[in-house]
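Dear colleague,

Please find the structure below. My notes on it follow.

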Amino acid sequence: MNLLSRGLLASANLASLAWPIAGRIFTEKLEIDENRSVWAASTPNYQPGPPLAGDTTADLAIIGGGFTGTSTAYHFSRRYPEKRVVLLEAASLANGASGRNGGMLLNWLPYDLPPNPERDALIYATTNAGIDTIEAIIRRHNLPVSYRRDGTLSVFTSARRAEQAHAKAEYRRGIGLPTQFIDRAALSAAFQLEGAYGAILDPNSGQLNGAQYVRCQRPVLVEQGVEIYEGTPVLKVEEGETILLTTPSGTVRAKAIVLATNGYTSKLGYFRDAVFPLISHVFATAPLDPAQQLGWRQWAGFYDDMDRISYSSVTREGQVIFGGGSLTGSTYYFNNGTRFRGDEAQAARISASMAQRFQRYAPGGRGVPVAQRWSGTLGLTLRRNILMGVRGEARNIFYAVGYNGHGVTLANVAGQVLTDMYSGDDEKWRGLPFYQADYTPVPPEPFRWIGYEMFTKMAGHLPRY
Ligand SMILES: Cc1cc2nc3c(=O)[nH]c(=O)nc-3n(C[C@H](O)[C@H](O)[C@H](O)COP(=O)(O)OP(=O)(O)OC[C@H]3O[C@@H](n4cnc5c(N)ncnc54)[C@H](O)[C@@H]3O)c2cc1C
């Protein structure tokens, strides 16, 4: 971390003292835009269910219909078939990040923590079991979901970083993880990337079509007794032993709720000083032959070690998905904007600058047209700490938010964590860094926006998610 970044972090801490006043001045409004992703396009027959009309009650009301919301609905309704579960989604299932991401189905090891063999092995085992569960759900219910689990690469772009990565890979092998260092020559033969000096392969990771995964679960959830209302934004949460949720044409009185709203959570008044939305861009190429055209003969995809992180994977249908790689690839909008505010021309310029990065890695990609481009809302925390827990005086507000770039797996794990927390049977999650975790506060506006602009425009960084 350079001097400017350190200075900005210190100022952020100081500026956070202004929350009590600034939080009242800068009120927020929910903004949701249309999901134009390649994943959403692969669910053309999806028909969102009706909105809530009238007043109802629930044992558990889940706010948000992405991975967090649906995984909680899935696991909770199987554990408690007799309880009434209501899921309220502002737009349609998978309209948020879950249906718009880069598709990378990753295991997780937090970047910032010093090595700790026991904890690191536990984290990997947890996320790997999470990926197993996703596969098990697809198989159990015979869901038509496109996914692959043939490994992804964490790529290093300097000789020094590759050498350090080699040592890291040895450490991971030593604690029993199946990850493996791939040297420059082996990498070039199997997955050609200009400027790559080596990579760590995680053979248990892959790619998931999130829109298909979430939307195909709808009938399963309904069968399990979950009431799903789409087009139903929650406008107000009134806490108590019984929580009152207000929506445009109805209310829910619930004994417990789940905040499954990740990057949108501040709009409900929660975690305003913890999670902030970043609008991030992705594109998909027209279908190609990755082995022939790019020299990508094995594995689902990669992400790199650069500040402006690039990540990419290939669908079963042969489309390359690419995200990041450019300073314009992500934007923070003043006061937690949750939708892309640019026009078509700006979106085209952004994807063109990202495509340049893709083509530098894979020169064979030059001339391959961009078939789709889209943006989505990430939930970021200042130190990439994911937060899962329960809050409120009556201890009945469950939450799982702030996944940064690792929600495809972890937001699906969240449903198990929250169900176990509700049951009081959550021993196995307690050693994990997200369990009832603390966070470094992000400053309120206008300091937040100014800090972000300085971090990106002056220091030339992007938050690595
Ligand atoms: C561009 C992009 C690329 C990414 N790439 C990857 C990747 O490759 N790998 C990875 O692991 N992670 C990636 N992520 C992160 C990952 O997609 C998310 O962490 C994950 O999908 C979060 O799931 P969620 O269910 O918590 O939130 P979301 O999927 O965002 O769902 C929240 C839902 O809540 C609804 N909602 C919000 N407010 C309200 C309200 N008031 N009332 C009712 N409903 C409401 C929204 O409409 C939305 O559907 C990426 C994210 C983005 C945006």
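In which loop does Asn262 lie? Asn262 is in the loop between strand E12 (250-259) and E13, where strands (E, at least two residues) and helices (H or I, at least four) are DSSP runs numbered from the N terminus. Please note that this is a predicted model, in which local features need pLDDT of at least 70, side-chain atom pairs count only at pLDDT 80 or more, and totals for chains, interfaces and linings use all residues. Residues are numbered from 1 along each chain as its sequence is written.

Most residues other than glycine have a negative phi, and most peptide bonds are trans. Asn262, which is not a glycine, has a positive phi of about 30 degrees. Asn262 counts as buried because it has 30 C-beta neighbours inside 10 Å; the cut-offs are 20 or more other C-beta atoms within 10 Å for buried, 12 or fewer for exposed, and partly exposed in between, with C-beta atoms placed from the backbone. Phe271 is found in the loop between E12 and E13, and its phi is also positive, near 55 degrees. A cis peptide bond, with omega about 5 degrees, joins Glu445 and Pro446. Pro446 lies between H12 and helix H13 (447-458), in the loop.

Yours sincerely
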